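Let's take a friendly walk through a protein model and see which side chains meet inside it. Keep the sequence and the 3D view at hand as you read.

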Amino acid sequence: MQSKKKNNKNNKNSKSKDGRAKVSLARQASLKALKLVFDGKSLSAAQAKTIENLDDTRDRGLANELVNGVLRWRWQLEFFVSALLSKPLKAKDSDVQIILLMSLYELLECRTPDYAIINEAVELVRKTGKRWADGLVNAVLRRFTREKEELVSSVSEDQAKYSHPDWLIKKIQNDWPENWQQILNANNQRPDFWLRVNKRYSSAEKYQQMLQENEIESVGSAISDQALKLLQGIDVRQLPDFSLGAVSVQDVGAQLSAGLLNLDKHQRLLDLCAAPGGKTCHILELGDTIKALVAVESDEIRMQRVEENIQRLKLDADVVPELIIADAREYKQWWDGLTFDRILIDAPCSASGVIRRHPDIKTHRRPTDIEPLVKLQSEILQAAWQMLAVGGEMLYVTCSVFKDENQYQIQQFLKKQSDAKELPIDAEWGHECDHGRQLLPGEYEADGFYFCRIQKTA
Ligand SMILES: C[S@@+](CC[C@H](N)C(=O)[O-])C[C@H]1O[C@@H](n2cnc3c(N)ncnc32)[C@H](O)[C@@H]1O
């Protein structure tokens with residue numbers, strides 16, 4: 001972790017009427033959000049219940065910084081807490097533990113003066129009603145400020161050094177013996193903010209000019225001609241013509257899928273596991289590249305997002321996409337028997353390639369999650385295969401870096417299907433695998449994605 005590089009100006013260390021220091025709303029919201037995540041909620045659900053209700057943009061900024069920072073650096077921060085406490089806190093005092101994690105993160109990473117961070121932490125503990133802990137929090141944080149350098153240099157075990165759970169480090173080491181440190185370091189970075197410019201609306205170059213006119217700096221990408229990376233955080237509603245469908249937020253790695261489908265205007269395309277519709281919309285934006293599109297998604301609420309995105313981007317003019325809420329595996333219940341020329345499977349996966357964007361994955365994912373996911377992916381692959389026309393192509397995509405979900409999955413599939421042939425992916429980006437191609441997190445400032453193209457032979 002680097003020290004003291006952000007300047008959070010929203011350190012409102014003001015006093016309330018009774019003369020006691022007020023606890024910032026941002027820190028209260030961060031504590032609530034982290035409690036929810038540690039109790040099993042996803043980060044986005046926790047943010048929606050807490051941080052997103054804060055009125056002040058700067059409060060939201062600080063709260064998001066603290067919550068994401070703690071989730072990224074949790075294992076290193078926990079190492080410091082253990083080193084500073086004579087005995088661990090009880091499970092029922094998880095709020096005190098979280099306040100320590102938040103404050104240590106802030107002491108390491110933010111420019112707020114140390115005394116203000118410590119005062120806020122003490123007030124926050126008092127607000128929880130655990131007055132017995134205010135002295136402890138004060139003492140632990142003060143000791144940290146005194147012994148910071150020795151403590152930071154005493155971090156040697158991988159779990160604390162790379163701030164990932166042990167099982168995840170071992171799995172990544174095993175799958176990527178040459179690249180594991182690169183992957184772990186990339187997972188701890190703040191994600192880049194990528195846009196996909198709607199080709200029907202404008203080119204990336206023209207939209208970049210519009211951004212510039214609005215004093216929003218951006219840069220293009222070497223791997224996607226529709227991608228622009230914003231150099232500052234911004235509410236998407238402030239982007240020029242966002243509501244008119246000019247752009248979507250989509251990682252540049254995800255933008256590679258549409259190009260790998262080798263589309264033409266006579267084709268029927270099946271998009272399995274479609275929500276929230278990033279890739280569906282990208283395909284539709286390319287213009288008259290297909291004849292028909294059927295998108296299947298099992299989650300009804302998420303499917304609404306596909307519909308909203310199609311409407312915002314005005315993509316139902318030439319090809320009216322058919323949206324089916326169903327389990328991709330149960331194809332006999334919804335398929336009309338007409339084969340598809342192209343099938344995209346954007347498979348449900350461990351999401352181990354997008355940890356930098358969703359740091360709660362490190363907290364939530366368990367080693368036992370992988371086997372059921374591999375089974376689900378294999379069943380979706382099998383179902384998709386039944387619906388693919390002879391000569392047709394299937395693109396299998398995951399946002400995982402685990403080989404079980406990627407090249408080993410495809411290896412098993414190819415073993416079973418004698419009428420399946422892998423097609424090459426000629427690209428400069430990523431790593432050629434025994435089967436398919438892997439873009440690792442952070443490469444080309446993208447998230448981690450795996451792609452494999454398979455053709456059905458006669
Ligand atoms: C990686 S996300 C897809 C992202 C999407 N393609 C995009 O580009 O925006 C995987 C999706 O698969 C859906 N899903 C999971 N199991 C499924 C199943 N058995 N059948 C259909 N969809 C499924 C999940 O609800 C989730 O929306």
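Arg 27 forms a salt bridge with Glu 120, with 3.6 Å between the closest N and O atoms. A salt bridge here is a side-chain nitrogen of Lys or Arg within 4 Å of a carboxyl oxygen of Asp or Glu. Arg 27 sits in helix H1 (residues 25-38) and Glu 120 in helix H5 (residues 114-127), so this pair ties together parts that are 93 residues apart in sequence. Helices (H or I, at least four residues) and strands (E, at least two) are DSSP runs, numbered from the N terminus. Both Arg 27 and Glu 120 are buried; buried means under 20% relative accessible area, exposed over 50%, and partly exposed in between (1.4 Å probe, protein chains only).

A word on the model itself: it is predicted, so local features need pLDDT of at least 70 and side-chain atom pairs count only at pLDDT 80 or more, while totals for chains, interfaces and linings use all residues. Residues are numbered from 1 along each chain as its sequence is written, and side-chain values use heavy atoms, with hydrogens and water left out.

A search of the whole structure finds 30 salt bridges. Here are two of them.

| Pair | Closest N to O |
|---|---|
| Lys 171 and Asp 404 | 2.8 Å |

Lys 171 belongs to helix H8 (residues 166-175), and Asp 404 to the loop between strand E9 (388-398) and helix H16 (407-416), so their bridge ties together parts that are 233 residues apart in sequence. Asp 404 is partly exposed, at 28% relative accessible area. Salt bridges that share partners also join Asp 192, Lys 229, Asp 251, Arg 356, Arg 357, Glu 445 and Asp 447 into one network.

What separates Arg 143 from Glu 147 along helix H6 (residues 134-153)? They are four residues apart, which is about one helical turn. Arg 143 is partly exposed, with a relative accessible area of 29%, and Glu 147 is partly exposed at 24%.

**Inside the nonpolar core**

A nonpolar core is a set of buried Ala, Val, Leu, Ile, Met, Phe, Trp, Tyr and Cys residues joined through side-chain atoms within 4.5 Å. The largest one has 83 residues, and Leu 272, Ile 343, Ile 345 and Met 394 touch the most other members. Helix H15 (residues 370-387) gives the most to this core, with seven residues. Leaving aside neighbours within four places in sequence, Ile 343 is in contact (heavy atoms within 4.5 Å) with residues including Leu 261, Leu 270, Leu 272 and Met 394. A second, separate core of 48 residues includes Trp 73, Val 96, Ile 99 and Leu 100.

**Rings that pair**

The whole structure has nine aromatic pairs. Rings of Phe, Tyr and Trp (its six-membered ring) pair if their centres lie within 6.5 Å; planes under 30 degrees apart count as stacked, over 60 as edge-to-face and the rest as tilted. Trp 385 and Phe 413 are edge-to-face, 5.2 Å centre to centre with 85° between the planes. Trp 385 and Phe 413 are buried.

**Cysteines**

How many disulfides does the structure hold? It holds zero, a disulfide being a pair of cysteine sulfur atoms within 2.5 Å. For Cys 281, the nearest cysteine sulfur, that of Cys 273, is 16 Å away.
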